[in-house]
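Welcome! Take a moment to look over the structure below, and then let us walk through it together.

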Amino acid sequence: MAKTDGRGITPQSEDFSAWYNELVVRAELADHGPVRGTMVIRPYGYRIWELLSGELDRLIKASGHENAYFPLFIPESHLRREAEHVEGFSPELAIVTHAGGEELEEPLVVRPTSETVVGEMYARWIDSYRDLPVKINQWANVVRWELRPRLFLRTTEFLWQEGHTAHATEQDAVAEMMVAADFYRELAEDFAAMPVLVGDKTPSERFAGAVRTVSLEAMMRDGRALQAATSHYLGTNFARAFGIDYTGIDGVRTFCHTSSWGMSTRMVGGVIMTHGDDRGLVLPPKIAPYQVVIVPIGKEAELGPVSAAADALAAELTDKGVRVTVDSRAHVSAGFKFNEWELRGVPVRIELGPRDLAAGTVVVVDRLTGVKTPVAAAAAAPTMPARLDGFQRVLFEQARKFRDSRSVRVDTLDQLVEAVATGFAYAFICEDPACEKKVQERTGATPRCVPADGPDESGPCVVCGGASGYGRRLVFGRAY
Ligand SMILES: [Zn+2]
């Protein structure tokens, strides 16, 4: 249990960053590891990750992928085979030079991602068009050295899944990239209640070594963007670097087209910052470790029957498929328990005291609104699944409205500067990376994506006035 001492946390409006840092630790989601930048994910935070990753794993398997595991260490020379890839990752690499009491002949890189080791193995496994496609996913940890770490958002070691696929044609590999983007969208919107914009990255924002990167961008409560997941079409870049090729029906040796895609523990940070409020976390029911907490109330002498009723209700809720806990801690006041479970974001609290018991009712309290509703005890469990569904929908709608209220179409750089101070700006920009750079230097904002469902439009670049590229407005925002 959290060592809450009656103090609240810093309000979001006062200092969003302090709010986040305090909340992650106080709600017992995670803590700082002994090595700077590392993260200990505590059971409550890990359960959220399990619920998210479990659902994603289901989606991955349902779309015809299989799980496998590749090694943590990668020979340094392998990483160098794809030039852009190594250039993109080299500042973040952790490299092992000694092992077994000796200096190694070749240093080993701790994987920052696994394209290279997967490529090496796919080159061995793929020989004929009959071997294609290969669609493998792995759940793993990766290491990217962080100079400005933040729990869940940027940690030196993090957990993720990385899908790696090889295909005969560009068309198949691009379709695969979109399949992955689709299940990330489903996970974000239907489970995390996090509305996302999906679209291509501009060339300067792409994954190192990719031909196309599609990202999912969400808006946090401070108006900043969070990249929730990415999916890449790698062309034949890695296939050429590692020799992933196949003999076609026509007998011609051809390079494969590959894709990769990933979602990480950063998503947990996104959930916190999409839904949290001044009282703490607000968890979407589908990924809440506890969807309901029952707090028995009363003096010790009266607690016997109240506790028995609470346990019976918990059993009934469990039967309905609801994740529930009973907070029967002695010597902790009811008010303290209420605050603590609000801090930890449990969607619904049920209060049950001797008077409720006598009247055959319970009090149901909604975490979002704080509204207390007396409900017949017999109806509490049967109506709970629908109540939780409603909570999930309201949470998504609230986040979507918030994002839309802070998204502005702009036509000048000055308007863009103003808009990205509090949210997203939709603006035209040309394809010259120098113009993106100017926006970033002036505002800290970058093009988050070319929204796939945006209307086709054209207009002058907000920086140079030149012809807009991309055929539509890009979403700009300051990103985590
Ligand atoms: Zn321009």
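Two strands are said to pair if DSSP finds at least two bridges between them. Strands here are DSSP runs of E with at least two residues, while helices are H or I runs of at least four, numbered from the N terminus. This is a predicted model, where local features need pLDDT of at least 70, side-chain atom pairs count only at pLDDT 80 or more, and totals for chains, interfaces and linings use all residues. Residues are numbered from 1 along each chain as its sequence is written, and side-chain values use heavy atoms, leaving out hydrogens and water.

Let us begin with the sheet. Eleven strands, written 11 in the table, form an open sheet with mixed pairing, in the order β3-β7-β8-β14-β11-β10-β9-β22-β23-β21-β20. Its edge strands, β3 and β20, each pair on one side only. β3 pairs with β7 in the parallel sense over two bridges, and there N67 stands opposite N137 of β7.

| Element | Residues |
|---|---|
| strand β3 | residues 66–67 |
| strand β7 | residues 134–143 |
| strand β20 | residues 407–409 |
| helix α8 | residues 266–275 |

Now to the helix. Is α8 buried or exposed? Helix α8 is mostly covered, with 10 of its 10 residues buried (under 20% relative accessible area, with exposed over 50% and partly exposed in between; 1.4 Å probe, protein chains only). Among them are R266, G269 and H275.

Finally, the whole chain: it holds 14 helices and 23 strands, and buried residues make up 54% of its 480 residues. The C-alpha atoms fill a box of roughly 80 × 55 × 45 Å along the principal axes.
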